[in-house]
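Welcome to a short tour of a protein model. Take a moment to look it over, and then we will go through it piece by piece.

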Amino acid sequence: MTVSRSVSEPTTGRPMLARSGRAVLPLVAIGLAILVAIVISRAAKGFEPAVLRFEIGAVFLLGAGIAVQSEKLVAFATGPAIVGLLLGILDSDDVVWGSSLLAGCLWYLATEAALSSIELGDGLAVSASVVHRRSFEVASVVSLAAVIGVVSLAGASLAPDRSVLVQVLLLAFVLIGLVIAGRHLAATSGDNRAEEAH
Amino acid sequence: MRRHSTVRLPLAVVSIVGSAILAVMLGRPEAALFSAPWAALLLLGLTATGDHRLRALVELTDDRIMVGDDVELSVTVHPDCSGWVEARLRPETTLWADGVAGVSVAGGGVRPSSVSQAVTAGRPSVFDLSLPSPSWGTHEVGKVELLLHEPYGLFERGGLVTESRRVRVHPSPMDLNRLLTPWLVRRKTGVHPSVAVDRGVEFADIRTFGSGDSLRDINWRASARSDRILVSQRHPERASDVVLLIDSFVESGHDVRSVVGLGVEAAVALAESHLALTDRVGLVELGGVLRWVSPGTGRLQLHRLTDALLGTRLYANATERDLNIVPRRALPPRSFVVALSPLLDARFIEALFTLRGSGHDVAVIECLYEPPDAEQAIDPELAAAAVRMFDAERSVMRDRLAERGVAIGQWQAGEHLDLALAEVVSRRRRSGRSGR
């Protein structure tokens with residue numbers, strides 16, 4: 001059988017991500033997490049000390065997760081980040097759509113950088129193509145998040161902010177989306193079980 | 001291949017649900033935008049997910065390598081979805097020098113035994129993996145762990161490719177400048193001088209010209225000094241049957257692996273050299289198992305012998321059989337037996353006496369082992385006395401073998417085999433047995 005090699009992936013001389021390149025990921029993750037803390041705490045007024053504590057806690061959990069190579073610990077860091085954001089928003093009289101979206105995107109980037117630094121751990125030779133693909137995927141997610149933010153902002157402008165209608169719409173949207181996702185997962189996990197039986 | 005979700009999936013779900021509920025409870029819907037990226041990730045990831053398959057083919061770049069060379073494999077992966085794949089080679093034997101992924105080599109480069117690479121649906125991708133050089137022998141390699149990261153990282157599909165491949169690691173080649181000359185030869189033309197007198201190169205004798213003698217054989221110088229015509233007689237070159245006898249007994253309490261390794265290295269070198277001289281070379285392994293390869297010639301015979309030597313295994317129990325069951329074609333009469341052994345096991349030594357008694361020409365390359373340090377013993381004086389007694393017994397054993405015409409050359413790791421061969425040649429010459 002003739003095997004054709006991918007044109008963009010030469011078999012020899014394939015550029016590999018140097019170890020120094022991979023060492024940047026944890027630094028990027030921590031840096032972005034700190035940036036999130038700054039963004040949220042600047043939006044808060046009276047609760048600033050409490051907000052800062054939660055955000056520092058989130059940064060610490062993220063850093064600890066990277067240090068011990070624990071994906072679960074990195075995931076848990078999102079909890080205090082959300083709580084800190086809520087405290088910051090509660091304290092503000094203005095509607096802070098922009099700050100929420102910005103903080104959310106930055107926190108997502110920090111989490112992705114942390115998880116990637118764990119996945120592309122020591123001993124794994126990583127090709128530049130993997131970096132390109134992951135960068136494209138992250139950029140796609142952030143772009144779609146921005147679109148969601150714009151759509152939400154447009155939808156909220158049709159109704160008074162913080163109205164019951166907006167809240168109900170939000171909850172309904174989330175629930176419908178989760179039901180669809182759940183059904184899709186159930187369908188694919190059924191294929192998985194069939195494969196295991198074989 | 002088994003599919004499972006990564007931490008991103010529950011993280012996305014919990015972020016979305018949690019922020020949405022909190023936003024509704026606190027009356028601040030903008031708080032839900034914090035999880036907008038996770039909603040986007042879920043949307044993109046779930047639309048890209050599906051029942052993806054991954055097929056892989058493992059191939060060895062070279063199934064015969066030398067000690068010091070790396071084992072190189074190429075894994076061709078056929079995905080039916082885009083994403084990125086992690087291929088990790090699992091060394092399955094304890095003989096590897098270092099089984100950890102990514103070994104630094106001289107020069108600072110890192111040879112990968114785990115590689116990740118982006119893949120595109122429907123296009124095969126090749127992963128080049130390598131493992132550090134194992135010790136000599138036959139090794140099974142090729143168990144490759146594959147992990148397919150589906151688009152957007154929500155799911156992974158992992159499995160083990162168990163196509164094993166056999167790689168034969170040859171010991172380092174040795175160029176021998178000296179060979180053992182057998183006393184007994186066959187009738188076939190070769191390079192060893194025979195005791196007979198016939199056409200050949202090496203000078204044997206002079207006699208008077210007789211009818212039927214060729215004019216080319218006339219020795220003009222000798223004839224000029226005498227009053228008759230004299231012809232030169234020569235020893236014809238003949239080939240021989242060489243049988244390599246390997247000792248693989250393990251119940252000797254020493255570092256068996258290294259000593260048997262010495263024997264295998266020497267056997268490969270001797271086999272190559274004698275086969276190059278058109279001798280027939282065979283092999284008999286006596287120890288954990290009794291195996292043999294009948295003598296033969298040519299490149300194919302070298303491969304048979306090498307494969308048999310590389311397949312030498314060390315067994316805790318020894319065979320109860322002796323050389324009597326070895327057929328004549330494997331141990332031909334009048335063959336030259338070269339034994340490679342540490343001479344520690346009485347059964348092997350007894351086999352040497354048996355071979356000598358049955359008329360074989362026998363020589364021994366004694367593979368020296370590292371004796372235990374008497375200073376480290378609980379009672380150093382007693383240990384030193386035991387070592388002296390042991391050395392004395394071995395000296396007596398060597399003398400007994402020498403009396404029966406078995407020459408022994410000692411070979412230690414780190415020395416060239418030529419030294420041991422020279423010692424054997426010298427002892428055979430002194431023993432008074434002429435090779436002619």
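A contact here means heavy atoms within 4.5 Å. With that in mind, residues 24 or more positions apart account for 75% of the contacts in chain B with a separation of 6 or more.

Before going further, some ground rules. This is a predicted model, in which local features need pLDDT of at least 70 and side-chain atom pairs count only at pLDDT 80 or more, while totals for chains, interfaces and linings use all residues. Residues are numbered from 1 along each chain as its sequence is written, chains are lettered from A and ligands numbered from 1 in the order in which they are written, and side-chain values use heavy atoms, with hydrogens and water left out.

**Chain B in outline**

The secondary structure of chain B comes to 8 helices and 23 strands. Helices (H or I, at least four residues) and strands (E, at least two) are DSSP runs, numbered from the N terminus. Chain B has 436 residues, and 51% of them count as buried. Buried means under 20% relative accessible area, exposed means over 50%, and partly exposed lies in between (1.4 Å probe, protein chains only).

**Two sheets in chain B**

Two strands pair if DSSP finds at least two bridges between them. One open sheet of chain B has 3 strands in the order β3-β13-β10, with mixed pairing. Its edges are β3 (64–66) and β10 (137–141) of chain B; each has a single partner strand, so one side of each is left without a neighbour in the sheet. On average, neighbouring strands of this sheet are turned by 30° against each other, direction ignored. Axes are lines fitted to C-alpha atoms, for helices over the stretch in contact, and angles run from 0 to 180 degrees between N-to-C directions.

What makes the pairing mixed? β3(B) and β13(B) pair in the parallel sense over 3 bridges, whereas β10(B) and β13(B), residues 165–170, pair in the antiparallel sense over 5 bridges. Helix α5 (residues 298–310) of chain B lies across β3, β10 and β13 of chain B, running at about 100° to β13(B).

Another open sheet of 3 strands has the order β2-β4-β9 (chain B), with antiparallel pairing. Its edge strands, β2 (54–60) and β9 (125–131) of chain B, each pair on one side only. Here neighbouring strands are turned by 25° against each other on average, direction ignored. β2(B) is joined by 7 bridges to β4 (residues 71–79) of chain B, and the two run antiparallel. In this pair, B:L54 stands opposite B:P79 in β4(B).

**Cavities**

How many cavities of 30 Å³ or more does the structure hold? There are 4 cavities of 30 Å³ or more. On a 1 Å grid over the protein atoms alone, a cavity is a set of points where a 1.4 Å probe fits but cannot get out, and lining residues have an atom within 4 Å of a point. Grid points are joined across faces, edges and corners, and a volume is the space filled by probe spheres set on the points.

The largest cavity has a volume of about 50 Å³. It is lined by 10 residues, of which A:I40, A:A43, A:L85, A:I89 and A:S99 lie nearest its centre. Three helices of chain A, α1 (19–43), α4 (78–90) and α5 (97–119), each supply at least two residues of this lining.

The second largest cavity has a volume of about 40 Å³. Its lining includes A:E119 and A:R134 along with B:W84, B:H149 and B:F155.

For the classes, Ala, Val, Leu, Ile, Met, Phe, Trp, Tyr, Cys and Pro count as nonpolar, Asp, Glu, Lys and Arg as charged, and the others, Gly among them, as polar.

| Cavity | Lining by class |
|---|---|
| Largest cavity | 7 nonpolar, 3 polar and no charged residues |
| Second largest cavity | 2 nonpolar, 3 polar and 5 charged residues |

**Two residues with positive phi**

Phi of A:Q69 is near 60°, a positive value in a residue other than glycine. A:Q69 lies in the loop between α2 (48–67) and α3 (71–76) of chain A. Is A:Q69 buried or partly exposed? A:Q69 is partly exposed, with a relative accessible area of 42%.

B:Y152 also has a positive phi, near 70°, and is a residue other than glycine. B:Y152 is found in the loop between β11 (144–149) and β12 (155–161) of chain B, and B:Y152 is buried, with a relative accessible area of 12%.

Notes
On a 1 Å grid over the protein atoms alone, a cavity is a set of points where a 1.4 Å probe fits but cannot get out, and a pocket is an open set with protein on both sides within 12 Å along at least five of seven lines; lining residues have an atom within 4 Å of a point.
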